Amino acid sequence: MTTVETPPEAADPAEQPNRAGPVPRTIWSLAKASVRGAQHEKDGRVNQDSANFDLLLGLNAAIVVVSDGHGSAKCFRSDIGSQLAVSVALRVTSMMLGGASDGIEAAVPKLPRILVRRWREAIAQHLAEHPFSEEEAAQLQPIGNEPLHDDGLPERHLTLPYGATVAVAAVTPNHVILAQLGDGKIMVLYDGDETPVVPLADDGNVSSLDTFSLCMPDAADRFRCLATPHRGSLPRLILATTDGYPDSFRTEQDFLQVGADLHQAIRQRGLDAVALDLPRWLQESSREGSGDDCSLAMIWRDDGEVLR
């Protein structure tokens with residue numbers, strides 16, 4: 001977990017005209033956890049999820065990213081694909097926030113194509129350094145009439161083994177920025193609200209992968225993006241999770257209660273103490289629910305108030 005305090009005057013100058021008034025000094029506290037699912041432990045499979053965060057000191061901004069590798073026989077390197085998705089998403093989002101000369105709301109729709117392109121470049125580099133073994137190559141099968149790459153394999157084959165989803169959430173002094181491809185959830189809890197909201201609606205499913213994926217040819221077109229200006233107050237809690245966590249609850253309302261419970265727990269005990277419990281809570285949820293890998297990354301706005 002990381003806690004950093006930065007002054008509002010260091011924010012991106014491009015965002016200054018959007019402010020409705022002075023933005024108070026804020027403290028973004030970040031935490032993450034990722035655990036192997038109960039079923040994956042039984043099957044001997046590695047954790048396919050990844051989660052991480054970043055702080056942009058000069059912009060008074062924070063970013064969290066989670067990714068879920070598909071873990072299927074066709075996606076036999078999806079654990080690596082999710083790791084690369086998280087690292088690329090953090091880097092691309094950071095660059096976007098720092099260089100949004102036309103404003104955040106104009107920059108966010110451009111994020112998916114840059115993210116997908118950079119992820120594919122990262123995959124190509126990894127594949128060049130770690131070519132498919134004979135056993136892995138035997139798992140590649142032609143898919144439709146997709147164009148061939150220089151090595152004679154369909155273009156999609158170079159990314160399909162690394163298939164993964166990605167969910168990005170960021171906060172600046174002026175905006176909440178969300179970008180998501182595939183399943184999982186991003187929730188936001190504002191001051192004064194008892195229940196978090198899920199600003200991005202669920203998307204449809206793709207029968208072959210059960211969710212939209214970075215490995216799909218039209219991945220950039222499948223993203224759901226949102227840049228929402230703050231209205232009245234900054235968010236208190238932003239939580240991004242892979243689908244194994246929300247799928248462990250009977251209803252979405254039950255899952256949204258997690259946000260309210262985390263809010264109360266952090267206020268009572270502080271984020272350091274709560275962060276230590278996150279792996280255990282995720283493991284219990286997987287064991288009693290989905291059996292899938294579970295990951296989360298959160299942004300907490302810390303004003304120093306801890307109830308005792």
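Which backbone nitrogen lies 3.1 Å from a polar atom of the side chain of Ser-248? I looked it up: the nitrogen belongs to Ser-290.

**Ground rules.** I am working on a predicted model, where local features need pLDDT of at least 70, side-chain atom pairs count only at pLDDT 80 or more, and totals for chains, interfaces and linings use all residues. Residues are numbered from 1 along each chain as its sequence is written, and side-chain values use heavy atoms, with hydrogens and water left out.

**Entry 1, Ser-248.** I found Ser-248 in the loop between β9 (235-241) and α6 (252-269). Helices (H or I, at least four residues) and strands (E, at least two) are DSSP runs, numbered from the N terminus. Ser-248 has a relative accessible area of 17%, so I log it as buried. Buried means under 20% relative accessible area, exposed over 50%, partly exposed in between (1.4 Å probe, protein chains only). Its side chain also reaches the backbone oxygen of Gly-244 at 2.8 Å. I then listed what Ser-248 touches (heavy atoms within 4.5 Å). Not counting residues up to four places away in sequence, the list is Ser-285, Ser-286, Gly-289, Ser-290 and Cys-294.

**Entry 2, strand β6.** I checked cover on β6 (residues 175-181): 7 of its 7 residues are buried. In a regular strand the side chains alternate between the two faces of the sheet. Here His-175, Ile-177, Ala-179 and Leu-181 point one way, and Val-176, Leu-178 and Gln-180 the other way. Next I looked at pairing, which needs at least two DSSP bridges between two strands. β5 (residues 166-171) runs antiparallel to β6, with 6 bridges joining them. A hairpin of 3 residues connects the two, and Val-171 stands opposite Val-176. β6 also pairs with β8 (residues 224-229), antiparallel, over 6 bridges. There Leu-178 has Leu-226 as its bridge partner.

I searched the whole structure and got 4 aromatic pairs. Rings of Phe, Tyr and Trp (its six-membered ring) pair if their centres lie within 6.5 Å; planes under 30 degrees apart count as stacked, over 60 as edge-to-face and the rest as tilted. One of the pairs is Phe-76 with Phe-132, edge-to-face, at 5.7 Å centre to centre and 70° between the planes. Phe-76 lies in the loop between β4 (61-68) and α2 (78-98) and Phe-132 in the loop between α4 (111-129) and α5 (134-137), so the pair ties together parts that are 56 residues apart in sequence. Phe-132 counts as buried at 17% relative accessibility.

Technical notes: Polar contact = N/O pair within 3.5 Å; in protein donor to acceptor, adjacent residues only side chain to side chain.
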